[in-house]
Amino acid sequence: MANKKLSINDIAKHLNISKSTVSLVINGKASERRISKDLQKKVLDYVKDVGFQPHHLAQSLATGRSNSIGLVVENIADSFFGPIAMMIENLAKNHGFRVMYSSTLGDPQTANEIINFFRRSQLDGYIIAPTIGIDKIVQEMVAEKIPIVLFDRDPIAGVHFVGTNNKEATIEACTHIFTQGFRNIGFVTLDSSQSQMSDRLEGYKIAAHNFKIKPVVTHISFEKEKKLKKKQIQAFLEKNKTLDAVIFSTNYLCMIGLEVINELNKKISQDLAVVSFDDHEAFNLVSPSITAIQQPLEELSKHIIELLIRQIQYPAETATSHITLASRLKIRKSSEK
């Protein structure tokens, strides 16, 4: 047989039967349509001989299921979203689902385009770390009873959500630094209105109020290149020379901050205590090691998949879940006096 890509129409012509019969046999619906066992065997044997692979979309239209899940995140290369994507993919595979994923880079238009593309692909469910501006399309999907779980940021009323205690975890980190004897604590965060960033900033401000210290905050642009972020962090540290501690609201801001601190010839823990929200594998390798707030990635992934699979299996259920998991402060040398 030549390497020509065969279609259902080609198979039907070769076997001298209808296209609908071929489609029913391939998609496991032959018995319910009373297609004889002999004809089923004839079709399946020929399909096996020619190595026919049914088109994914055509198969999903025929069966009503694609056994595929869409995962939409801000940046799949990020050290937070990357590991979660892998965990979700492995968990989904255990339930017989494949995962298709894409990155929004924080752009609402891109997010809407990705979701609409996935919807045309007849996916069975969606896992989304929402960016601002997608409330409408998410509500449309909920109204159409499409299984969906949001995670990490910006929960939407009436939609399943899994997140962590960003505010409380930041307060715990500030409390740890304060009890170590540091009194001038700065906060480096993204210029973002996303809920997880807002909660982390609020946690810092609450702690500063409780300890009667002056909040010192800088907002770093999300869109700017690394070298511009680096300049902003450097300007912040040079302007606020009395700071003896700094908390970074993301691990990649902390990684940039560590470069700046080194170039300014400051010694971590001696001149400047450092804490990062979100751990990073490098934080335990540098000297001194970096204290970090660890989000429970495995537990997050497990709850996300369980909520989504339940919606797929029991579409009549209407109750929604809002799950908040506790992060853990991993204390290392960078925050010890």
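## Salt bridges and helix packing

The structure holds 13 salt bridges, a salt bridge being a side-chain nitrogen of Lys or Arg within 4 Å of a carboxyl oxygen of Asp or Glu. This is a predicted model, in which local features need pLDDT of at least 70 and side-chain atom pairs count only at pLDDT 80 or more, while totals for chains, interfaces and linings use all residues. Residues are numbered from 1 along each chain as its sequence is written, and side-chain values use heavy atoms, with hydrogens and water left out.

| Salt bridge | N to O distance |
|---|---|
| Arginine 153 and glutamate 74 | 3.3 Å |
| Arginine 153 and aspartate 152 | 2.7 Å |
| Arginine 119 and glutamate 144 | 2.9 Å |

Helices (H or I, at least four residues) and strands (E, at least two) are DSSP runs, numbered from the N terminus. Both arginine 153 and glutamate 74 are buried, and aspartate 152 is buried too. Buried means under 20% relative accessible area, exposed over 50%, and partly exposed in between (1.4 Å probe, protein chains only).

How exposed is glutamate 144? Glutamate 144 has 47% relative accessibility and counts as partly exposed, whereas arginine 119 is buried at 19%.

Helix H5 (residues 81-94) packs against helix H12 (residues 297-313) at an angle of about 45 degrees, their axes 9 Å apart. Axes are lines fitted to C-alpha atoms, for helices over the stretch in contact, and angles run from 0 to 180 degrees between N-to-C directions. H5 is therefore oblique to H12; angles under 35 degrees count as roughly parallel, over 145 as roughly antiparallel, 65 to 115 as roughly perpendicular and the rest as oblique. The contact (heavy atoms within 4.5 Å) includes Met87 and Leu91 of H5 and Leu300 and Ile304 of H12. Its residues divide into 10 nonpolar, 1 polar and 2 charged. Ala, Val, Leu, Ile, Met, Phe, Trp, Tyr, Cys and Pro count as nonpolar, Asp, Glu, Lys and Arg as charged, and the others, Gly among them, as polar.

Helix H10 (residues 226-239) and helix H11 (residues 251-263) pack at about 60 degrees, with axes 9 Å apart. Among the residues in contact are Lys226 and Lys230 of H10 and Glu259 and Glu263 of H11. The residues of this contact divide into 7 nonpolar, 2 polar and 5 charged. A network of salt bridges links Lys226, Lys230, Glu259 and Glu263.
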